[in-house]
Amino acid sequence: MIKYKLICKDCKTTFDSWFASSNKYEKLKKKNFLVCYNCNSQKVEKSLMAPQLINSKKKSKDYLDSIRYKNTIKTLKNYQKFIQDNFKYVGENFAYEARSIHYDKKKKKKNIYGSATKQDLKELKEEGIETQMIPWIDDKNN
């Protein structure tokens, strides 16, 4: 199959049409079977058309990238599920709770997660409090 952009020489209408091959187009043209749908003129010609090339390397790279993306999202969701099941959520109080656990030797060490600013994380690191950041995906399926 081949697709041509056609133009009517009378009314200047352009339209696309599919043909079994370029030979079939030529046969239909010789027999005057090509007709403009707008004005019924038989003065229909092929117009200039940019070819559409399919690059299998690009296509396969895009496909692999989408697979990698989906796998990364799945891994992140698994991490999040593990954290939600095994850590205590402290919300915006993360820096305060981390300091409280670190400095109060009587407090039982526990796993926490929550939100902190970059400045909070920098200060915690300077104080010797180890933290980790992971990207968090907020969606309804999580």
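A charge sits over a ring if NZ of Lys or CZ of Arg is within 6 Å of the ring centre and within 35 degrees of the ring normal. In this predicted model, the charged end of Lys46 sits over the ring of Tyr4, 4.5 Å from the ring centre. Tyr4 also belongs to an aromatic cluster, together with Phe19 and Tyr25.

**Aromatic pairs**

- The count of aromatic pairs comes to seven.
- Among them is the pair of Tyr4 and Phe19, which is tilted, with 5.8 Å from centre to centre and 45° between the planes.
- This pair links distant parts of the chain, since Tyr4 lies in strand β1 (residues 2–8) and Phe19 in strand β2 (residues 14–19), 15 residues apart.
- Phe19 also pairs with Tyr25: the ring centres are 5.2 Å apart and the planes stand at 80°.
- Planes over 60 degrees apart count as edge-to-face, so the pair of Phe19 and Tyr25 is edge-to-face.

**Burial of the cluster**

- Buried means under 20% relative accessible area.
- Tyr4 has a relative accessible area of 12%, so Tyr4 is buried.
- Phe19 has a relative accessible area of 5% and is therefore buried.
- Tyr25 counts as buried because its relative accessibility is 3%.

**The residue Tyr4**

- Tyr4 is in strand β1 and is buried.
- The ring of Tyr4 forms a tilted pair with Phe19, and the charged end of Lys46 sits over this ring of Tyr4.

Notes:
Residues are numbered from 1 along each chain as its sequence is written. This is a predicted model: local features need pLDDT of at least 70, side-chain atom pairs count only at pLDDT 80 or more; totals for chains, interfaces and linings use all residues. Side-chain values use heavy atoms; hydrogens and water are left out. Rings of Phe, Tyr and Trp (its six-membered ring) pair if their centres lie within 6.5 Å; planes under 30 degrees apart count as stacked, over 60 as edge-to-face and the rest as tilted. Helices (H or I, at least four residues) and strands (E, at least two) are DSSP runs, numbered from the N terminus. Buried means under 20% relative accessible area, exposed over 50%, partly exposed in between (1.4 Å probe, protein chains only).
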